[in-house]
Each structure stands twice: as structure tokens, then as C-alpha cells.
Amino acid sequence: MKKIVIIDYGLGNLRSVLKGLEHAGANVVISSDPAEIKSADGVILPGVGAFKDAMKNIAGLLDTINEYVDSGKPMLGICLGQQIL
């Protein structure tokens, strides 16, 4: 089964996304670990809140996210997460 990682950067609707994906039968992990993000088959970047706060919180993961996007693997941004992408 493919692994989906929900990126935890301190803002976002993590539990609702997790529960929805689990209900659909996905293997889901919430993580901010760069190695786990890079090894995922799919990544979700959720978000709720102010853009400025989100960018401050996610600054340490931007290189990892950019690497993941460049890999061509699927990535979904939800709400503020899409704006960050």
C-alpha cells in the first residue's frame, strides 16, 4: 500500500485530513521529518490560518518540499497549503 504523508508545520487541519484518508483506506502518516516526506508516495500540505505565520512555520521544510515537488511525485495542497505551493 502506498504511503501518504501529511506535512505537519504547526498549522492546519491535520486530523480531519488524516481521518478522511484513513476512511478511504489510505496508509497515512503525519510528519515533519524530511526523510519521511521524501520517501512518501504522495504528500498533502494542509493549511488553515494566516499566510505569514504559515511561511514562518514552514521555512525549515521548504527545501524538502521543493525537492519532493521536483521529484514528480503527487502532492496536494489544501486551502492555505495550496497557496504555499
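I listed the contacts of Ser31, leaving aside neighbours within four places in sequence, and found Val5, Ile6, Ile7, Asp8, Glu36 and Ile37. The model I am reading is predicted.

I then placed Ser31 in its element: it belongs to strand β2, residues 27–31. Is Ser31 buried or exposed? Ser31 has a relative accessible area of 7%, so I noted it as buried, the cut-off being under 20%.

Next I went to Leu61. I found Leu61 in the loop between α3 (51–58) and α4 (62–71). Its relative accessible area is 9%, so Leu61 is buried as well. Not counting residues up to four places away in sequence, Leu61 touches Ile7, Asp8, Tyr9, Ser32, Pro34 and Ile37.

I turned to the cores. Which residues touch the most other members of the largest nonpolar core? I noted Ile7, Tyr9, Val43, Leu45, Ile58, Leu61 and Ile84, out of 14 residues in that core. Two or more residues of this core come from each of β1 (3–7), β3 (42–45), α3, α4 and α5 (80–84).

I looked up Ile58 separately. Ile58 touches Tyr9, Leu45, Ile65 and Ile84, with residues up to four places away in sequence not counted. Last, I recorded a second, separate core of 7 residues, including Ile6, Leu14, Val17 and Leu18.

Note on methods: Residues are numbered from 1 along each chain as its sequence is written. This is a predicted model: local features need pLDDT of at least 70, side-chain atom pairs count only at pLDDT 80 or more; totals for chains, interfaces and linings use all residues. Side-chain values use heavy atoms; hydrogens and water are left out. Helices (H or I, at least four residues) and strands (E, at least two) are DSSP runs, numbered from the N terminus. Buried means under 20% relative accessible area, exposed over 50%, partly exposed in between (1.4 Å probe, protein chains only). Contact means heavy atoms within 4.5 Å. A nonpolar core is a set of buried Ala, Val, Leu, Ile, Met, Phe, Trp, Tyr and Cys residues joined through side-chain atoms within 4.5 Å.
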